[in-house]
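The structure is shown first, and the points follow by topic.

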Amino acid sequence: MKRVAMFFILILFSITPTVHALEWAYFFVVWDGNVYEVKEEEVGKSEIGKAIGYVETKANNRTGKHVGNASNYYPLGTKYYEIKGIQSDKAIAVETGEKQWIKAEFVHKKPSYWMVKVLPFLFLLLIIVVFFIALRSKKR
C-alpha cells in the first residue's frame with residue numbers, strides 16, 4: 001500500500017504544470033493600436049499637450065497578449081498625453097507621477113489577436129443556435 005501511495009505522489013509531482021512568465025525587453029504602453037517603448041527621457045510640463053488616453057488593461061505576463069490601451073508596467077489609469085511639436089504616432093508622454101511625464105516612442109503597430117475579433121461573432125452564433133434549438137424542442 002505504501003508503494004502505491006508513493007507511486008501516486010511521484011506521478012502527481014511529475015505532471016504538475018509549471019508556470020512560465022515572460023521577461024519583457026522593455027516597458028511599453030499601447031495607445032490607439034500602436035505600441036510605444038517607454039524611454040528614460042523626461043518631458044517637461046511646458047511640452048505636455050492634452051490627455052489622449054490611459055492604461056485600461058495589463059499585458060498578460062504569460063502570453064504577452066494585450067487588448068486595447070495596455071501596459072506591461074504602468075498601473076491601470078496611468079494617463080497618456082500628447083507632446084507638443086511631436087505627432088502622436090511618433091511619441092507620446094506617459095504620466096509617471098504628479099506633474100511628471102516620461103517619453104514613449106512608437107515601436108510598431110499592436111499585434112492583432114484574431115480571437116478578440118472573432119469571439120463576439122462566435123458568441124452571437126452560439127446564442128442563435130441555442131435559440132433555434134429551444135424553439136425546435138418546444139414544437140415537439
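A contact here means heavy atoms within 4.5 Å. By that criterion, residues 24 or more positions apart account for 61% of the contacts in the protein chain with a separation of 6 or more. The model is predicted.

**Fold**
- The protein chain contains two helices and eight strands.
- Read from the N terminus, the order of elements is α-β-β-β-β-β-β-β-β-α.

**Surface and burial**
- Of the 140 residues in the protein chain, 24% are buried.
- The protein chain exposes about 10800 Å², and carbon and sulfur atoms supply 63% of that area.

**Salt bridges**
- Three salt bridges are found in a search of the whole structure.
- One of them joins the side chains of Glu37 and Lys39, at 3.5 Å from N to O; Lys39 is partly exposed, with a relative accessible area of 28%.
- Another pairs the side chains of Glu41 and Lys103, at 3.8 Å from N to O.
- This pair links distant parts of the chain, with Glu41 in strand S2 (residues 34–43) and Lys103 in strand S8 (residues 100–109), 62 residues apart.
- Lys103 also meets Glu105 in a salt bridge between their side chains, at 3.8 Å from N to O.

- Lys103 is buried because its relative accessible area is 13%, and buried means under 20%.
- Glu41 is partly exposed, with a relative accessible area of 42%.
- Glu105 is partly exposed, at 28% relative accessible area.

Technical notes
Residues are numbered from 1 along each chain as its sequence is written. This is a predicted model: local features need pLDDT of at least 70, side-chain atom pairs count only at pLDDT 80 or more; totals for chains, interfaces and linings use all residues. Side-chain values use heavy atoms; hydrogens and water are left out. Helices (H or I, at least four residues) and strands (E, at least two) are DSSP runs, numbered from the N terminus. Buried means under 20% relative accessible area, exposed over 50%, partly exposed in between (1.4 Å probe, protein chains only). Accessible areas come from the Shrake-Rupley method with a 1.4 Å probe; for residues, only the protein chains shown count as cover. A salt bridge is a side-chain nitrogen of Lys or Arg within 4 Å of a carboxyl oxygen of Asp or Glu.
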